[in-house]
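Welcome, and thanks for taking a look at this one.

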Amino acid sequence: MFKILVIEDDNDLKELFCKVLRRNHYHPIGVDCAEAALDVLDKEYIDLIITDIMMPGINGFELIQQLREAKMDMPILIITAKGDIFDKQIGFQTGADDYMVKPIHMSEMVLRVQALLRRAKSVSEKRLTFGGTTLEYTTWTVTDANGTQVLPQKEFQLLYKLLSYPNQIFTRQQILDDIWGIEQEDSHTLDVHISRLRERMKQNPDFEIVTIRGLGYKVCKK
């Protein structure tokens with residue numbers, strides 16, 4: 001069972017997060033400040049952290065920076081009322097993996113937790129297999145029935161993301177935030193990368209990249 005550390009100084013909200021996570025078969029550990037979180041991390045293996053930013057003592061940004069400097073690489077999801085783009089930039093720059101602005105939907109929080117845990121597992125394994133297709137993260141190579149090809153980094157990361165969660169729709173903004181992050185390209189850049197991937201993978205027998213009009217993209221099994 002995945003252990004999730006919830007850092008939130010609003011006790012009611014902390015309890016709600018933990019209740020929802022528990023209901024979805026996770027093992028949440030709730031604390032109300034960064035200092036208490038560091039105590040937990042000294043004693044427990046934690047698979048994922050959910051943290052607020054504005055807390056007494058060490059704030060969320062400072063905590064994330066400390067964890068990353070200590071080479072702790074578990075996924076970190078920020079959930080905060082601070083929705084300014086500048087705050088988001090700081091969050092991602094310090095090492096957060098995802099960012100949600102309060103108020104949030106609990107179901108979306110669970111979906112993001114699932115996605116972060118799956119991504120962390122895939123990246124740690126450095127290999128992803130989908131049918132007869134294998135992606136090697138360390139070499140940016142894709143091998144299928146037609147042979148092996150090396151993809152440009154962004155195209156590889158984009159394909160790796162989509163194939164990690166088959167049939168899940170990713171909005172254009174989600175993809176841009178995850179693949180380009182603070183470099184933030186416009187949506188035309190994404191369209192170009194999708195077009196190139198489709199051309200490279202047109203003979204692939206295992207999957208296709210599907211456009212969900214008005215939303216984004218997903219990968220489906222052929």
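Two strands are taken to pair if DSSP finds at least two bridges between them. With that in hand, keep in mind that this is a predicted model. The chain holds an open sheet of 5 strands with parallel pairing, and an open sheet of 4 strands with antiparallel pairing. In general, the strands of a sheet pair through backbone hydrogen bonds, either parallel or antiparallel.

**The parallel sheet**

- Reading across this sheet, the strand order is E2-E1-E3-E4-E5.
- Which strands sit at the edges? They are strand E2 (27-31) and strand E5 (98-101), each of which pairs on one side only.
- From one strand to the next, the twist averages 20 degrees.
- Strand E4 (residues 76-80) runs parallel to E5, and 4 bridges join the two.
- Within that pairing, Thr80 has Val101 in E5 as its bridge partner.

**Helices lying across the parallel sheet**

- Helix H2 (residues 34-43) lies across strand E1 (3-7), E2 and strand E3 (48-51). The direction of H2 is at about 160 degrees to E1.
- Helix H3 lies across E1, E3 and E4, and runs at about 175 degrees to E4.

**How H2 packs against H3**

- The axes of H2 and H3 are 10 Å apart, and the two helices pack at an angle of about 25 degrees.
- Angles under 35 degrees count as roughly parallel, and H2 and H3 are therefore roughly parallel to each other.
- The crossing of H2 past H3 is right-handed.
- On the H2 side the contact is made by Ala34, Leu38 and Leu41, which meet Leu63, Gln66 and Leu67 in H3.
- Sorted by class, this contact has 5 nonpolar residues, 1 polar residue and no charged residues.

**How H3 packs against H4**

- Helix H3 (residues 60-69) and helix H4 (residues 85-94) have axes that come within 9 Å and cross at roughly 20 degrees.
- That angle makes H3 roughly parallel to H4.
- Here the crossing is left-handed, with H3 passing H4.
- Phe61, Ile64, Gln65 and Arg68 are the H3 residues that meet Asp87, Ile90, Gly91 and Thr94 in H4.
- By class, the contact of H3 with H4 has 3 nonpolar, 3 polar and 2 charged residues.

- Val113 is found in helix H5 (residues 106-125).
- Is Val113 buried or exposed? Val113 has a relative accessible area of 0%, so this residue is buried.
- Leaving aside neighbours within four places in sequence, Val113 is in contact with Ile4, Leu21, Tyr26, Leu48, Ile50 and Leu77.
- Val113 and Arg172 are 59 residues apart along the chain, and their C-alpha atoms are separated by 19 Å.
- Arg112 also lies in helix H5. At 18% relative accessibility, Arg112 counts as buried, because buried means under 20% relative accessible area.
- Which residues does Arg112 touch, not counting those up to four places away in sequence? They are Asp98, Tyr99 and Met100.
- C-alpha to C-alpha, Arg112 and Tyr99 are 9.5 Å apart in space, while 13 residues apart in sequence.

**The antiparallel sheet**

- The order of strands in this open sheet is E6-E7-E8-E9.
- Strand E6 (127-130) and strand E9 (147-150) stand at the edges. Each has a single partner strand, so one side of each is left without a neighbour in the sheet.
- On average, and with direction ignored, neighbouring strands of this sheet are turned by 15 degrees against each other.
- Strand E7 (residues 133-136) and strand E8 (residues 141-144) run antiparallel and are joined by 3 bridges.
- Leu135 has Val142 in E8 as its bridge partner.
- E8 and E9 also run antiparallel, with 4 bridges joining them.
- How many residues lie between E8 and E9 in their hairpin? There are 2 residues between them.

Terms used: Residues are numbered from 1 along each chain as its sequence is written. This is a predicted model: local features need pLDDT of at least 70, side-chain atom pairs count only at pLDDT 80 or more; totals for chains, interfaces and linings use all residues. Side-chain values use heavy atoms; hydrogens and water are left out. Axes are lines fitted to C-alpha atoms, for helices over the stretch in contact, and angles run from 0 to 180 degrees between N-to-C directions. Angles under 35 degrees count as roughly parallel, over 145 as roughly antiparallel, 65 to 115 as roughly perpendicular and the rest as oblique. A crossing is left-handed if the near helix is turned anticlockwise from the far one by less than a right angle, and right-handed if clockwise. Contact means heavy atoms within 4.5 Å. Ala, Val, Leu, Ile, Met, Phe, Trp, Tyr, Cys and Pro count as nonpolar, Asp, Glu, Lys and Arg as charged, and the others, Gly among them, as polar. Buried means under 20% relative accessible area, exposed over 50%, partly exposed in between (1.4 Å probe, protein chains only).
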